[in-house]
Amino acid sequence: LVLSKLCKHKAPFIYYTWFDSDIPGQLGAKKASEKLNWVGHPIKNIITEKDPKWYTDNEITTILNKGK
């Protein structure tokens, strides 16, 4: 159901995954990317030194803006 809603986004639209940088987190990012892959939009995986939850809102905004 959620993936079908994602299909409605118009191109150009880039999906970002940002999971923990450890092995389980990156395996989760890979799984999510594989599920999103059929939607047809580019997918970028963000990897940072710290887990996403340890960043402030301003740092998150900066990191996401760099991904564009």
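How many aromatic pairs does the count come to by the rule for rings?

Modeller: The count is 1 aromatic pair. The rule takes rings of Phe, Tyr and Trp (its six-membered ring) as a pair if their centres lie within 6.5 Å; planes under 30 degrees apart are stacked, over 60 edge-to-face, and the rest tilted. Here the ring centres of tryptophan 18 and tyrosine 55 are 5.7 Å apart and the planes stand at 45°, so the pair is tilted. The two residues are 37 apart in the chain: tryptophan 18 is in the loop between strand E1 (15-17) and helix H2 (23-36), and tyrosine 55 in the loop between strand E2 (43-45) and helix H3 (57-67). Helices (H or I, at least four residues) and strands (E, at least two) are DSSP runs, numbered from the N terminus.

This is a predicted model, in which local features need pLDDT of at least 70 and side-chain atom pairs pLDDT 80 or more, while totals for chains, interfaces and linings use all residues. Residues are numbered from 1 along each chain as its sequence is written, and side-chain values use heavy atoms, without hydrogens and water.

Next comes burial. Buried means under 20% relative accessible area, exposed over 50%, and partly exposed in between (1.4 Å probe, protein chains only). Tryptophan 18 has 17% relative accessibility, so it is buried. Tyrosine 55 is also buried, at 15%.

Lysine 50 has its charged end over the ring of tyrosine 55, 4.5 Å from the ring centre. For that, NZ of Lys or CZ of Arg must be within 6 Å of the ring centre and within 35 degrees of the ring normal.

Threonine 48 belongs to the loop between E2 and H3, and is buried at 12%. Beyond its neighbours within four places in sequence, threonine 48 is in contact (heavy atoms within 4.5 Å) with Trp18, Ser21, Tyr55 and Ile63, so both members of the ring pair are among its contacts. Its side chain also reaches the backbone oxygen of lysine 50 at 2.7 Å. That is a polar contact: a pair of N or O atoms within 3.5 Å, where within protein one must be able to donate a hydrogen and the other to accept it, and residues adjacent in sequence count only if both atoms are side-chain atoms.

Of its 68 residues, 24% are buried.
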